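Please look over the sequence and the structure below before reading on. The text that follows walks through a few of the contacts.

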Amino acid sequence: MADTAVAHRTEHINGIDLHWVESGPADGRLVILVHGFPESWYSWRHQIAALAGAGYRAVAIDVRGYGGSSKPRAVEDYRMLRHVGDNVALVHALGAETATIVGHDWGAPIAWTTAQLRPDVFTAVAGLSVPFSPSGRRRPTEAMAQAGGEDEEFYISYFQTPGVVEAEILPDVRRWLLGIYYSISGDGVRAAGGDPRGALGLVPRGDRLSDQFVYPTEMPAWLTEADVDFYAREFADSDFFGPLARYRNIDRDWEDLAAFADVPITAPSLFIAGEHDGPAITGRRQIERFDQTLPGLTRSVVLPRCGHWVQQERPEETNQLLLEFLAGTERR
């Protein structure tokens, strides 16, 4: 990590212990960074330094179920409304009134929904990889079941049954993490020469998700052995209950958020994705509707040759886009 002073902090808020890493002036404008699956606050290591250096108060959380944060044992404790509550409580715990929220992967829907439900607190929002997608008319598990068919299963459907994906992760957590990180990166997609949706697309029935992984012959520039070691330590005592419970709440979220299905995010917003980024490719229809769902959108950017891990694969470009976005929202 860059030579920027960081502080680790854990507070009991919204009924859980939430761990975060922060840097930058205490009176700086608050920017909350929300990671996805299967990551941690460490996913934002390059952004923490850049934001703090520009005078912002950068706060990267361990989402509930991850790292140093609490790991509740009820699936419903990972519903979207709980995550929104965590973010609101965090702003209050930090002594602030408002914040910008930035999310990647599962952190993007968490960030989008947080800004949608609490625009009084979250006055700007950036989503990386996963476009904003308001609740639709169909139950998500039903729609995703049809995305597969008889011979294949959409990966989120594959994640629904407890014990299935855990059985392939837990015997060798580090190797599974390396496989997923590399396989859906720009490097991994190009190395495989396959569908840019990467390993997180459709799983042939009877196969494991990891059967589709590709592994690097040498580590890419954006991911070191030390980085993978760090992530593996973060999951050393995890059975992945919390991280996978987020996927197992998609129908519950659909029910909880039904009343907000037609509510756009009017706050200033930014979307960044990679050219080979699966969720952005499958989410083209959502991106095409940004004029309706994100009327405050400032930019929608696709980074060439980049895969899913946007802020890690392309940290300089991501930092520049975030800083430009933040500066623009200040001028507003």
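The paragraphs below take up an annotated span, a pair of helices and some salt bridges.

This is a predicted model, in which local features need pLDDT of at least 70 and side-chain atom pairs count only at pLDDT 80 or more, while totals for chains, interfaces and linings use all residues. Residues are numbered from 1 along each chain as its sequence is written, and side-chain values use heavy atoms, with hydrogens and water left out.

According to an unreviewed UniProt entry, residues 30-134 carry the annotation "domain: AB hydrolase-1"; such annotations may be inferred rather than shown by experiment. The span is 32% helix and 22% strand, and its end C-alpha atoms lie 26 Å apart. Helices (H or I, at least four residues) and strands (E, at least two) are DSSP runs, numbered from the N terminus.

Helix α2 (residues 80-93) and helix α3 (residues 107-117) have axes that come within 9 Å and cross at roughly 70°. This makes α2 roughly perpendicular to α3, a term for angles of 65 to 115 degrees. On the α2 side the contact (heavy atoms within 4.5 Å) is made by M80, L81, H83, V84 and N87, and on the α3 side by P109, I110, T113, T114 and L117. These residues divide into six nonpolar, four polar and no charged.

The next topic is salt bridges, each a side-chain nitrogen of Lys or Arg within 4 Å of a carboxyl oxygen of Asp or Glu. The model has 20 salt bridges by this rule. One of them joins the side chains of R9 and E22, at 3.7 Å from N to O. R9 lies in strand β1 (residues 7-13) and E22 in strand β2 (residues 16-23), so the pair ties together parts that are 13 residues apart in sequence. E22 is buried at 12% relative accessibility, whereas R9 is partly exposed at 26%; buried means under 20% relative accessible area, exposed over 50%, and partly exposed in between (1.4 Å probe, protein chains only).

A second salt bridge pairs E166 with R248 at 3.1 Å, N to O. Because E166 is in helix α6 (residues 164-169) and R248 in the loop between α10 (241-245) and α11 (250-256), the pair ties together parts 82 residues apart in sequence. E166 is buried, with a relative accessible area of 11%, and R248 is buried at 14%.

In a third, the closest N and O atoms of E225 and R174 are 2.7 Å apart. This pair links helix α9 (residues 225-234), which holds E225, with helix α7 (residues 173-183), which holds R174, across 51 residues. E225 is partly exposed at 41% relative accessibility, and R174 is partly exposed at 26%. Elsewhere, salt bridges that share partners join R9, E11, E22 and R57 into one network.

Terms used. Axes are lines fitted to C-alpha atoms, for helices over the stretch in contact, and angles run from 0 to 180 degrees between N-to-C directions. Angles under 35 degrees count as roughly parallel, over 145 as roughly antiparallel, 65 to 115 as roughly perpendicular and the rest as oblique. Ala, Val, Leu, Ile, Met, Phe, Trp, Tyr, Cys and Pro count as nonpolar, Asp, Glu, Lys and Arg as charged, and the others, Gly among them, as polar.
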